[in-house]
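Subject: Model for you to look at

Hello,

Here is the structure I promised to pass on. Please open it first, then read my notes below.

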Amino acid sequence: MPDTPAVPAARPTPTAPAPLSAEDGKLVVLARGARGRVAAVEGAAVRDQDGRTYAAASVALPSLTLTALQLAVASAVAAGASRLEAAAVVTEASTLDGAGHAAVRDLAADAPIHVAAPDGTVLGTVTQ
């Protein structure tokens, strides 16, 4: 089995919220929908280089645990995405999980990752 890079343990803290573009607002709506459909801990959505969107909810099985953002990124990659333009996570946490952050950064060093509360209120954006 190949060595896998260590996932950063840091939980990046979003900066102050700023108005979202219509396209980034759509990501928050998609993330909320993914979370709500299965009553998951979190939902996420990403937009790729072609404007396609992918939404996912967190997965917690005895043999597999993925954050919503990891699964959304994996779905994008499985569909052929090579770059991400933006991402959104809907969660009750006030910070972004390190594993999801690392997954986005694998495809985009500077894509904004918007963190929103379950009601859709944007708490802030991670840009690093």
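Contact here means heavy atoms within 4.5 Å. Helices (H or I, at least four residues) and strands (E, at least two) are DSSP runs, numbered from the N terminus.

Some ground rules. This is a predicted model, so local features need pLDDT of at least 70 and side-chain atom pairs count only at pLDDT 80 or more, while totals for chains, interfaces and linings use all residues. Residues are numbered from 1 along each chain as its sequence is written, and side-chain values use heavy atoms, with hydrogens and water left out.

Overall layout

The chain has 3 helices and 7 strands. Starting at the N terminus, their order is α-β-β-β-β-α-β-α-β-β. Of the 128 residues, 45% count as buried. Buried means under 20% relative accessible area, exposed means over 50%, and partly exposed is in between (1.4 Å probe, protein chains only). Among contacts with a separation of 6 or more, 63% come from residues 24 or more positions apart.

The helix pair

Two packed helices are described by the angle between their axes and the distance between the axes. Helix H2 (residues 68-78) packs on helix H3 (residues 98-107) at about 25 degrees, and their axes are 8 Å apart. Axes are lines fitted to C-alpha atoms, for helices over the stretch in contact; angles run from 0 to 180 degrees between N-to-C directions. H2 and H3 are therefore roughly parallel. That term covers angles under 35 degrees; over 145 is roughly antiparallel, 65 to 115 roughly perpendicular, and the rest oblique.

Which residues meet? H2 brings Leu69, Gln70, Val73 and Val77. H3 brings Ala99, Gly100, His101, Ala103, Val104 and Leu107. By class, this contact has 7 nonpolar, 3 polar and no charged residues. Ala, Val, Leu, Ile, Met, Phe, Trp, Tyr, Cys and Pro count as nonpolar; Asp, Glu, Lys and Arg as charged; the others, Gly among them, as polar.

The sheet

An open sheet is formed by 5 strands in the order E2-E1-E5-E6-E7, with mixed pairing. E2 and strand E7 (122-126) stand at the edges with a single partner strand each, so one side of each has no neighbour in the sheet. Neighbouring strands are turned by 15 degrees against each other on average, direction ignored. Two strands pair if DSSP finds at least two bridges between them.

Strand E1

Is strand E1 (residues 43-48) largely enclosed or left open? 6 of its 6 residues are buried, so E1 is largely enclosed by the rest of the structure. Both faces are covered: Gly43, Ala45 and Arg47 are buried on one side, and Ala44, Val46 and Asp48 on the other.

E1 runs antiparallel to strand E2 (residues 53-57), with 5 bridges joining them. Its pairing with strand E5 (residues 84-90) is also antiparallel, over 6 bridges. Val46 stands opposite Tyr54 in E2 and opposite Ala87 in E5. Ala45 has Ala88 as its bridge partner in E5.

Two backbone spots

The hairpin of E1 and E2 has 4 residues between the strands, and there Gly51 takes a positive phi near 85 degrees. Ala39 has a positive phi of about 55 degrees, although it is not a glycine. Ala39 lies in the loop between helix H1 (22-38) and E1. It is exposed, with a relative accessible area of 71%.

Best wishes
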